[in-house]
Amino acid sequence: ANFPSKAQAEAIAEQLARIGYNSLRFHHFDQIILDRNAGNSVTFDPAKLDLLDYFFAECKKRGIYITIDLYATRETVPGEIPEIPGKLTMQAYKGAVQVLDSARRNWEQFTANLLNHVNPHTGLAWKDDPALYLVCLLNEGNLYLTWNTRPELKAAVQEKFEKWLADQPTQPADEQQRSIAFNHFLTGMQ
């Protein structure tokens, strides 16, 4: 749905405007837009990017503003996040990007590639286009639900928690207090 042909993009944007929509979310595009031959998860397929750019421009022409997520479903390529072998699936990535520097750098590179890219159909970088009015940094990225999705990630979070806990002015007296402290820690990290 995010990559219609140019004729379809024009028709969809026109229909949405006539119905009265003034906002459209490009959602779950981050996995599909990738160049499968690039060997990484931050390089875009030029043809798909052009279709998305064109759809964006057609919506903008009709007063439809765009909202996106900078991460929704994109899976990494093995080796991109060295602390975790293999590729990271959606839930593991959502935790890793908040905990591991390598995952954060991967997210930052994808974000820079997208937002600094100049849309040839509008003449503006996405980051400079007022039609891009809302950006969600991490779709459904609740660290409380994702911190333990991989053993390597769980160990990294637990290590950070122990360092954080050691710096606190008081220490938990029992497991219940430790659990409460851990929840405060996760909330603070997020």
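User: Starting with helix 4: how many residues does it have, and how far does it reach from its first C-alpha to its last?
Analyst: Helix 4 (residues 101–115) has 15 residues and reaches 20 Å between those two atoms, close to the 21 Å expected at 1.5 Å a residue. The expected span is 1.5 Å times one less than the number of residues. Helices are DSSP runs of H or I with at least four residues, strands are runs of E with at least two, and both are numbered from the N terminus.

User: And what sort of model is this?
Analyst: This is a predicted model, where local features need pLDDT of at least 70 and side-chain atom pairs count only at pLDDT 80 or more, while totals for chains, interfaces and linings use all residues. Residues are numbered from 1 along each chain as its sequence is written, and side-chain values use heavy atoms, with hydrogens and water left out.

User: Ok. Which residues of helix 4 are buried?
Analyst: S102, A103, N106, W107, F110, T111, L114 and L115. Buried means under 20% relative accessible area, exposed is over 50%, and partly exposed is in between (1.4 Å probe, protein chains only).

User: What do they pack against?
Analyst: Strand 2 (65–69), helix 3, strand 4 (124–125) and strand 5 (132–136).

User: Changing topic: what's the overall layout of the chain?
Analyst: Seven helices and five strands, in the order α-β-α-β-α-α-β-β-β-α-α-α along the sequence. The C-alpha atoms fill a box of roughly 65 × 35 × 25 Å along the principal axes. Of the 190 residues, 42% are buried.

User: Which residues have the most contacts inside the largest nonpolar core?
Analyst: F26, F29, I33, I68 and W126, in a core of 51 residues. Helix 2 gives the most to this core, with six residues. A nonpolar core is a set of buried Ala, Val, Leu, Ile, Met, Phe, Trp, Tyr and Cys residues joined through side-chain atoms within 4.5 Å.

User: What does I33 touch?
Analyst: F3, T43, F44, D45, K48, L49, L52 and F110, not counting residues up to four places away in sequence.

User: Now helices 3 and 6. At what angle do they pack?
Analyst: Helix 3 (residues 90–99) and helix 6 (residues 151–166) pack at about 30°, with their axes 10 Å apart. Axes are lines fitted to C-alpha atoms, for helices over the stretch in contact, and angles run from 0 to 180 degrees between N-to-C directions.

User: Which residues meet there?
Analyst: A92, G95, A96 and V99 in helix 3 meet L153, A156, V157 and K160 in helix 6. They divide into six nonpolar, one polar and one charged.

User: Last topic: what is the phi of H28?
Analyst: Near 60°, a positive value in a residue other than glycine. Most residues other than glycine have a negative phi. H28 lies in the loop between strand 1 and helix 2, and E140 also has a positive phi, about 50°.

User: Where is E140, then? And is E140 buried or exposed?
Analyst: E140 is in the loop between strand 5 and helix 5 (143–146). E140 is exposed, because its relative accessible area is 63%, whereas H28 counts as partly exposed at 34% relative accessibility.

Conventions
Contact = heavy atoms within 4.5 Å. Nonpolar A, V, L, I, M, F, W, Y, C, P; charged D, E, K, R; others polar.
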